[in-house]
Amino acid sequence: MTKVVERKPLSALERTYLPTLASGLKVTWKHFKKTVFEGKPATMEYPEERWVVPEGYRGAPYLVKDQEGHTKCVSCQLCEFVCPPKAIKITPPGPEGQVADRTNAEKMPQEFEINMLRCIFCGFCQEVCPEEAIFLQRDYSLTGESREEMIYNKEKLLKLGGVHGGIQKWKHKLEEAKEQEEFPVAKI
Amino acid sequence: MSNAPATTAAPPPVEKIRIKVDGRDVEVPKLLPNWQGKLEPTTMLQAVQIAGGEVPHYCYHPKLPVAGNCRMCLIEFGTPMMGPDRKPVLNPDGTPKIARSVLPYEPQTPRGAIACATPISPGMELYPSSPATKQMREAVLESLLINHPLDCPICDQAGECKLQEYSVEHGQANSRFVEPKVHKPKAVDLGPRIVLDDERCILCTRCIRFTRDIAGDDALGIVNRGSYNTIAAWKDGAFDNNYTLNTVDICPVGALTSKDFRFKMRVWFLKETKSVCSSCATGCNITIGSREGTIYRYEPRDNEAVNGPWMCDAGRLNYRWVARADRIHDVYVRGVKSTWETANREIHALLGRAPEGSVAIVAGARQTTEELYLLKKLATRLGALTDSIAREGEPDRLLVSADRNPNSNGARLTGIAFTEMGIQLPKIAEGIAAGTIKTLIVFGEDVTKHGLGADLLARLETLIVSDILPNATTAAAHFLLPGCAHAEKRGTFVNTKGRVQKFMKAVEPPGDARAEWEVLHEWVHQVTGQNGFSTIEGLFNQMAREVPAFAGLEWSKLGDTGVTITI
């Protein structure tokens, strides 16, 4: 059902637009006074001046390392699967690939690429990650001179991501296994 | 599953039993074929499946002997109550009274039975979705997960893992287990193609039964006791028969994984294409797993009439050549890179004015039946000698055929080759030597290895070669045409028993490569003036109408598992 809203006819004074102009200029003057005479500018002097990024802000997703400086990602490719704009591309190690640098983890990605031009900063990758290896961090201003430059590779992502500690579940498993008596395998 | 051709003898009347599944009346056969095809009393699991239900199971496999050790298929059931006079006790409304199976010392507690190994009896009632059944499943799953490492992010089975699926469907959300888990060896080298992760194993013994009873190589067993039970090969790395990778398929968890597929791709990314293995004349049905134009694996596809649920390792791993870097990508005319238009124009003109008998055709029995049919059409018009080349190997008692061509029977039925393959080759060689054969068309074979040496090829006026990988014949070709692997086109193969099976296209061909049948269709059109069908469906149907052996067949009637014809 369409609802027709009656528009009030403008009065003679209103039709001159002068009252509206005056009220607009009042706002302009107020801010002009504040900026020029009181030294309280309404805008920020970006990029010299940066705003404080609030907690929980969803910036660019980066890979993180554990407290020992090892790659946390195990190349399960769930983020690649869940990524709505298909910004993530992971190259799994394959049978002959690189062995994971993290204690007791069997796998890590050969290559991990995020196309930051495609990324929509939705945070699904962070949410789906079973290893807490990818986090949306505070970077909001990503620039590059070419499309290729905006595809961040594993090395770059790990460098930007920094360290995120937490439970080292694979290392914990190894310690647990070592604590148990040596596994008795029948030698034939 | 049952696509076996109907036997001519009238089947004996099937004795039926009436039971109830979740309160619904169902009539099921009293006897059903077991894993070997022998009739045995119908089990609860089969009865529930016939009733349209599903009983979760790990150790049960329709093609393996029943072990009944995982306990996942436990269901609650009841049997008609019998009075002391051995007559059924009736309810007041006249229906038979059902005694639910309970623990003898604890009549409030239902006593389940493993559905995979318990036969049904008349009047039995099964409760596959009762609260008690659900509780039993929860409990079994919980105990199976006690020592499971939960390393799904790393595990190759994730995505096609029964443990994952049943945990979601029937399991509990939380673990109540606080004690440290028993740790077992990981990444154990079981054989040349198999890696074993003992922590993930649920000891269903499917792999043991497969290798003992199907492959006939008693290589696996369980060692150690209690919580330390582990699967082991009789000697380290000794699990090396030609069927080991089937254990990866039947392993319901990620304990047995393929070394070839290890950490290559997550299974949920793979596009599955129904195809047929081209490594021998058995024609095992396969599913090609590919992603973004790359083939990652072949898996057997169930076809009772051909391979059942199995396939050999050699055939399964024979996919890498499709992505080889040295494949022929472009059309070459006398060594110069050219286009299909130029090459086809010249070939059309050349074949159009070729005198009768001046052309010979050698077509590999790795080409599809449709392609061979089109080549035969061409040969008839040109009065050409045609032949194919036999490829022999060592057969085995299970699946591998001595004939290593996937389509020898296709070549024979279309008339390209005779019963004995290669019988015409000496004649072709003579013809070339005598100068009567001036043009040779070769499809997918290296004829230099089969009596038509480089010296003979040099005598030819025109050598037209379509192939996938470079060889001595392609090097001598005047017209070199890039062909397609069977995974890159559609078509049919006729296997050693005369089963016509179609396969679908999984990946795009590289570079300028085109499906041979498309090219041949143009040649036939230009040379013989008969316009055929430009779709594979139409082409197959046309072939079925013209070649007597395929009479009555239609592309759409082939289905996923093919049709057997008399050869």
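This is a predicted model: local features need pLDDT of at least 70, side-chain atom pairs count only at pLDDT 80 or more; totals for chains, interfaces and linings use all residues.
Modeller: A residue is buried with 20 or more other C-beta atoms within 10 Å of its own, exposed with 12 or fewer, and partly exposed in between.

Biologist: Why is B:Leu350 called partly exposed?

Modeller: B:Leu350 has 18 C-beta neighbours inside 10 Å. Buried needs 20 or more and exposed needs 12 or fewer, so a value in between is partly exposed. B:Leu350 belongs to helix H7 (residues 340–352) of chain B. Leaving out residues up to four places away in sequence, B:Leu350 touches B:Thr439 and B:Thr462.

Biologist: How far is B:Leu350 from B:Thr247?

Modeller: Their C-alpha atoms are separated by 54 Å, and the two residues are 103 residues apart along the chain.

Biologist: What makes A:Ser75 buried or exposed?

Modeller: The count is 27 C-beta neighbours inside 10 Å, so A:Ser75 is buried. The cut-off for that class is 20 or more. A:Ser75 sits in the loop between S1 and helix H3 (78–82) of chain A. Its phi is near 60°, positive in a residue other than glycine.

Biologist: Which class does B:Leu203 fall into, and why?

Modeller: B:Leu203 has 19 other C-beta atoms within 10 Å, so it is partly exposed. Buried would need 20 or more. Phi of B:Leu203 is also positive, near 60°. The residue lies in the loop between strand S12 (194–196) and helix H4 (206–214) of chain B.

Biologist: How do you know that the span of helix H13 of chain B agrees with its 13 residues?

Modeller: H13 covers residues 516–528, and at 1.5 Å a residue it should span 18 Å. The end C-alpha atoms are 17 Å apart, which agrees. Among the buried residues of H13(B) are B:Trp517, B:Leu520 and B:Trp523. B:Gly529 follows the helix, with a positive phi near 80°.

Biologist: What makes the peptide bond from A:Tyr46 to A:Pro47 cis or trans?

Modeller: Omega is near 5°, and the bond is cis. A:Pro47 is in the loop between helix H2 (18–36) and strand S1 (61–63) of chain A.

Biologist: Which residues have the most contacts inside the largest nonpolar core?

Modeller: B:Cys73, B:Leu126 and B:Leu375 do, in a core of 143 residues. Helix H8 (residues 369–382) of chain B gives the most to this core, with seven residues. Another core, of 32 residues, lies apart from it, with A:Cys73, A:Cys76, A:Cys83 and B:Cys155 among them.

Biologist: How many residues of chain A are in contact with chain B?

Modeller: There are 23, and they meet 21 residues of chain B. Helix H6 (residues 169–179) of chain A gives the most to that side, with three residues. By class, the chain A side has 14 nonpolar, four polar and five charged residues.

Biologist: Into which domains is chain B divided?

Modeller: Domain 1 (16–145), domain 2 (177–323) and domain 3 (331–564). The C-alpha centres of domain 1 and domain 3 of chain B lie 56 Å apart. Along its principal axes the C-alpha trace of chain B spans about 95 × 55 × 35 Å. Chain B has 15 helices and 28 strands. Of its 567 residues, 47% count as buried.

Terms used
Residues are numbered from 1 along each chain as its sequence is written. Chains are lettered from A and ligands numbered from 1 in the order in which they are written. Helices (H or I, at least four residues) and strands (E, at least two) are DSSP runs, numbered from the N terminus. Two residues are in contact if their C-beta atoms, placed from the backbone, lie within 7 Å. Ala, Val, Leu, Ile, Met, Phe, Trp, Tyr, Cys and Pro count as nonpolar, Asp, Glu, Lys and Arg as charged, and the others, Gly among them, as polar. The expected span of a helix is 1.5 Å times one less than its number of residues. Domain bounds come from an automatic or database domain assignment. A nonpolar core is a set of buried Ala, Val, Leu, Ile, Met, Phe, Trp, Tyr and Cys residues joined through C-beta atoms within 7 Å.
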